[in-house]
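The following report describes a structure from its computed geometry. Please examine the sequence and the model together while reading.

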Amino acid sequence: MYAKLYKYRWQYLMILPGAVLLFLFNYIPMAGVQVAFRDFQLGTSIWNSPWVGMDNFEFVHEPQFWTVVRNTLYISVLKFVFGFPAPIVLALLINEVKHSPFKRFVQSVSYLPHFFSWIVVAYMLQSFLTLDGGLVNDLIGKMGGEPVFFLGSAEWFRPIVVTSGLWKETGWNTILYLAAITTIDPQLYEAAKVEGAGRWAQIRHITLPGIVPTISIVLILSIPSLITAGLDQIYPLMNSANMDVSDVLDTYVLRSGLQQGYFGMSTAVGLLSSVISLLLVLGTNWMSRKLNGEGLW
Amino acid sequence: MKRPWREKFAYGAIVVLLALLCVSVLYPFLYMLAISLNEGSDAAKGGVYIWPRSFTLINYEVVLGNEVIRHAYLITIGRTILGTVGGLFVTLLVAFGLSYRKLPLRRAILAYILITMLFNGGLVPFYIQLNNLHLLNTFWVFIIPGLFSAWNMFVMIKFIQGIPEALFESSELDGAGPVRTLLTIVVPLSKPMLAALGLFTAVGHWNDWFAGAFYVTDQSLIPVQTFLQQLLSAQDISAVLGSNSNQEALARSSMQNITLMSIKMAVVMVSAIPILCVYPFLQRYFVKGVLIGSVKG
């Protein structure tokens with residue numbers, strides 16, 4: 001046994017740095033979840049902090065927590081309802097294009113926004129929506145309307161989040177669907193043409209069924225995101241004017257933990273949301289096993 | 001073939017729709033560029049849509065002449081290079097070690113890695129660990145926690161296992177150990193894969209504002225994206241013009257018709273232009289990177 005291990009000593013040595021990094025930055029924080037049940041202060045040892053039972057979970061009695069939960073669900077469900085079908089539709093449209101340089105151009109351009117940060121997107125929104133000469137208010141003014149302070153209003157927050165999310169990720173999310181479409185047997189289309197099927201019939205009866213497996217995988221993988229509304233996107237757009245609708249679980253954890261120092265309570269919120277997302281994953285996997293006969297694992 | 005006119009019409013509509021989509025992706029960059037090249041107080045009157053009306057380079061002079069921004073740029077470049085090279089190095093070592101199918105304990109090590117993809121301790125325990133390791137408020141907090149990527153490792157393993165077995169065998173017959181096999185066989189053959197994964201890692205570093213915003217407080221350590229994030233909610237222009245000669249700078253800026261918005265647009269363009277410039281040449285690698293990881297599996 002030792003001889004065998006010794007034979008592979010170089011391989012183990014190569015694996016070691018990665019394994020140590022995972023231990024330090026993944027496993028220790030996993031063990032650190034116990035902070036949710038302790039009274040912990042930064043700078044002291046987690047292990048010596050007193051146990052406090054469920055005290056850190058008192059937040060469930062606060063109305064603000066439930067506002068945050070509602071905001072999270074509202075935003076993530078809206079993003080899902082628009083963001084899930086959009087790339088499928090776009091992939092089908094791109095696939096219809098016969099002129100291949102144009103097709104490649106559309107693909108390249110539609111992937112582009114994925115490579116910019118949400119901070120850059122926030123600047124874009126500011127430049128378009130500002131009251132001082134921004135394009136949108138400029139046009140509203142020319143048509144005789146009253147300027148709207150979009151970024152400082154609660155009712156415009158959700159539409160802005162959904163639209164900017166679509167703008168940034170729809171193109172990129174078509175990649176998997178377009179790749180799946182290329183694996184469909186061209187003979188199927190030939191046969192359909194012989195039988196007189198038009199383009200629409202071909203999409204409905206060949207292309208769509210051909211990408212159903214991809215659609216269902218993407219669907220399952222996107223379920224856990226239903227309780228994370230997207231910190232990266234929301235944090236830059238958040239301000240005191242839209243706080244009532246923009247404060248989500250992630251920003252709540254960030255604020256109460258890293259900024260206000262309530263480590264126990266914010267870890268408890270985080271723990272609760274990861275347990276829910278784990279249940280969601282297990283639930284969808286169970287459902288897909290019932291429906292399709294196979295799960296993800 | 002029954003109603004060709006109808007399909008022709010639909011085809012035309014699709015092409016127009018996709019062309020509009022491309023415009024909607026590209027136009028915001030053009031708009032921001034126009035604002036950044038226009039006198040601020042003039043742009044605030046509205047009406048600058050595509051072309052600067054009152055052309056000036058003063059916004060860029062202010063931005064590029066600013067010590068804080070230049071320093072933030074150095075931090076971004078430094079972490080992008082170090083983080084990408086180091087990350088590829090550490091991850092490739094692990095992937096290569098684990099690509100030996102006969103390695104004892106291989107399955108256990110893979111499980112050890114897979115678990116970290118499914119569970120995590122959440123933001124706050126991670127933050128506590130960064131504090132315990134004295135990484136907070138150092139440059140290394142941008143590099144070390146992200147060196148090993150489980151996702152990239154699985155892509156690499158899949159790729160390495162696709163290399164013909166005979167090449168490894170002949171290398172071993174030549175008396176080469178694992179280190180030499182890695183350098184002479186795996187690395188040269190993996191260049192496209194390494195390029196694709198390296199690009200994703202680099203873009204991730206370039207765009208990350210979160211670590212700079214919450215893991216460091218020292219202003220001399222913040223990367224460009226964090227600078228942008230702080231500037232996003234700035235109320236007046238002194239945030240960009242530096243603090244030492246505030247009054248003088250403010251007076252000068254009003255003389256030269258600089259506004260906060262025009263400066264903001266110049267900063268964001270300075271951060272976006274490098275990506276806009278390399279993207280057309282590298283986008284096929286990006287697409288390849290996604291597809292290596294998902295579809296072929």
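N137(B) is found in the loop that joins α6 and α7 of chain B, where helices (H or I, at least four residues) and strands (E, at least two) are DSSP runs numbered from the N terminus. This is a predicted model, in which local features need pLDDT of at least 70 and side-chain atom pairs count only at pLDDT 80 or more, while totals for chains, interfaces and linings use all residues. Residues are numbered from 1 along each chain as its sequence is written, and chains are lettered from A and ligands numbered from 1 in the order in which they are written.

H134(B) lies in the loop between α6 (123-132) and α7 (150-161) of chain B. Most residues other than glycine have a negative phi. The table lists two residues that have a positive phi although neither is a glycine.

| Residue | Phi |
|---|---|
| H134(B) | about 55 degrees |
| N137(B) | about 65 degrees |

A residue is buried if 20 or more other C-beta atoms, placed from the backbone, lie within 10 Å of its own, exposed if 12 or fewer, and partly exposed in between. H134(B) counts as exposed because it has 10 C-beta neighbours inside 10 Å. N137(B) has 13 C-beta neighbours inside 10 Å and therefore counts as partly exposed.

Chain B contains 15 helices and zero strands. Of its 297 residues, 38% count as buried. Two residues are in contact if their C-beta atoms, placed from the backbone, lie within 7 Å. Among contacts in chain B between residues at least 6 apart in sequence, 71% join residues at least 24 apart.

A nonpolar core is a set of buried Ala, Val, Leu, Ile, Met, Phe, Trp, Tyr and Cys residues joined through C-beta atoms within 7 Å. The largest such core has 124 residues, of which V120(A), V94(B), A95(B), F96(B), M156(B), I263(B) and V268(B) touch the most other members. Helix α4 (residues 67-98) of chain B supplies the largest share of this core, eleven residues. Leaving aside residues up to four places away in sequence, A95(B) touches M153(B), M156(B), I157(B) and I160(B).

## The contact between the chains

In total, 67 residues of chain A are in contact with 79 residues of chain B. Helix α2 (residues 9-31) of chain A gives the most to the side of chain A that touches chain B, with 16 residues. That side comprises 44 nonpolar, 18 polar and five charged residues; Ala, Val, Leu, Ile, Met, Phe, Trp, Tyr, Cys and Pro count as nonpolar, Asp, Glu, Lys and Arg as charged, and the others, Gly among them, as polar.

α2(A) packs against helix α5 (residues 106-118) of chain B at an angle of about 35 degrees, with the axes 11 Å apart. Axes are lines fitted to C-alpha atoms, for helices over the stretch in contact, and angles run from 0 to 180 degrees between N-to-C directions. I15(A), A19(A), L22(A) and N26(A) of α2(A) make the contact with I109(B), Y112(B), I113(B) and T116(B) of α5(B). These residues divide into six nonpolar, two polar and no charged.

## A helix pair within chain A

Helix α9 (residues 186-194) and helix α10 (residues 199-222) of chain A have axes that come within 10 Å and cross at roughly 135 degrees. L188(A), Y189(A) and A192(A) in α9(A) meet A201(A), Q202(A), H205(A) and I206(A) in α10(A). By class, this contact has five nonpolar, two polar and no charged residues.
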